[in-house]
Amino acid sequence: MPGAEDGFEVTPWGVRGSIDYDRLTERFGTERLGGELLGRLRRLAGEDHFMLRRGIFFSHRDLGRALDAHEDGRGFFLYTGRGPSGGTHIGHLVPWVFAKWLQDRFGATMYFQLTDDEKFYSKKGMTLEEARGHAYENALDFVALGFDPGKTRIILDTEHIRTLYPLAAKVAAKINYSNTKAAFGFTGETSIGMIFYTALQSAPCFLEDRPVLIPLGVDQDPHFRLTRDVAPKLGLEKPALIHNVMIPGLRGPGGKMSASDASDALYTTDDPDTVKKKINRRAFSGGQADVEAHRRLGGDTDVDVSYQYLRMFFEPDDAKLARIRDGYRSGSVTTGELKAVLIGAANRFLEGHQKRREEARGMLGRFVLEEGGARWPER
Ligand code: TYM
């Protein structure tokens with residue numbers, strides 16, 4: 001894989017090692033999000049977001065162009081997705097929570113793609129029917145976050161292929177095997193479905209005749225690098241992207257929370273006792289070997305997974321987070337106490353989310369893309 005020599009690897013299908021985000025930005029050729037552009041995003045949104053303040057969204061491509069479109073009245077639309085490989089974990093919610101905020105602040109349409117075909121190709125032993133079942137469960141989590149049913153459309157690849165295929169075909173015509181191989185490291189054993197798949201992930205970028213802004217984990221960037229190369233050749237606009245960092249698994253640091261390892265992830269459907277056990281048993285601690293040393297030396301919040309989950313997701317209140325950070329670093333808060341704070345925050349979030357998730361069952365129909373007519377892009 002390109003870049004593996006840096007000691008970490010980030011691809012759409014896996015993260016290995018501890019990600020150095022400065023080097024990754026260089027390697028992928030994205031722009032760091034900061035300075036004037038970040039100020040402009042906040043100003044146009046009319047509000048700040050804790051994921052911006054804390055650098056959870058740290059990088060972008062062409063965000064300025066999406067904001068230009070907003071300012072000149074054309075507006076941009078939003079697009080993101082999920083490869084339904086299993087249940088939804090907290091890492092998946094990061095781009096979606098932020099996407100919901102973008103929809104609220106900019107009044108933008110949102111397309112959410114569920115790539116059952118991708119997971120059928122890439123996950124050994126998964127049937128297409130299983131992938132579709134996971135897609136339904138993932139869609140409940142998405143809807144539970146409160147997206148506007150009038151402005152949000154869910155797309156399932158194998159169901160909505162009629163809408164996607166003409167766009168995917170145009171993209172595929174401009175990508176050759178060497179391009180995908182260089183981007184994804186495919187081999188002679190790779191299924192031909194996977195080789196074509198990137199064209200399907202590109203397709204929703206062109207559903208409306210205005211720029212798209214895609215909030216997503218940085219691991220998905222390679223797909224859209226290809227899309228961005230192809231778009232001008234088709235007379236279409238390059239997608240703009242805003243990237244989030246990868247939430248580590250419970251056993252972190254390094255790697256990412258992954259749906260492939262249930263014991264390493266917090267799922268949206270975990271019950272309070274499971275959450276408590278997972279965090280107490282597995283969450284990597286930045287504390288000292290014993291309480292006496294911890295009181296004296298304090299803990300390391302940079303590597304402590306419980307602290308990082310609070311910072312990245314569960315504790316939006318800066319003042320509360322700062323108290324937890326200072327307490328842990330000084331040694332007055334122990335690892336056990338920090339874990340208890342995370343368990344409380346995670347279970348409070350999940351209680352509300354699970355209730356909204358059940359309510360979403362009856363609402364899903366209002367979100368599913370209707371094909372054949374009004375939504376067909378005029379060209
Ligand atoms: P998938 O299902 O692997 O992930 C869904 C979204 O969650 C992000 N993500 C994470 N973010 C933070 N921490 C983590 N540990 C973590 N794990 C996953 C991913 O970056 C992604 O944004 N092929 C895609 C599905 C897809 C898509 C898209 C994603 C189709 N169209 C457009 C983004 C944008 C996939 O398998 O994502």
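**View 1. The second largest pocket of the predicted model.** About 420 Å³ of space lies in this second largest pocket, where a pocket is an open set of points on a 1 Å grid over the protein atoms alone, at which a 1.4 Å probe fits, with protein on both sides within 12 Å along at least five of seven lines. The volume is the space filled by probe spheres set on the points, which are joined across faces, edges and corners. The model is predicted, with local features needing pLDDT of at least 70 and side-chain atom pairs counting only at pLDDT 80 or more, while totals for linings use all residues. Residues are numbered from 1 along each chain as its sequence is written, and side-chain values use heavy atoms, without hydrogens and water.

**View 2. Lining of the second largest pocket.** Of the 22 lining residues, Tyr21, Pro248, Asp302, Gln308 and Met312 lie nearest the centre of the second largest pocket; a lining residue has an atom within 4 Å of a point. Helix 14 (305-314) and helix 15 (318-330) each give two or more residues to this lining, and helix 14 supplies the largest share, five residues; helices are DSSP runs (H or I, at least four residues) numbered from the N terminus. At least three residues come from each of domain 1 (4-250) and domain 2 (262-360), with bounds from an automatic or database domain assignment.

**View 3. The largest pocket.** The largest pocket has a volume of about 780 Å³, and among its 42 lining residues Pro12, Lys119, Asp219, Gln220 and Lys256 are the closest to its centre. The largest share of this lining, five residues, comes from helix 5.
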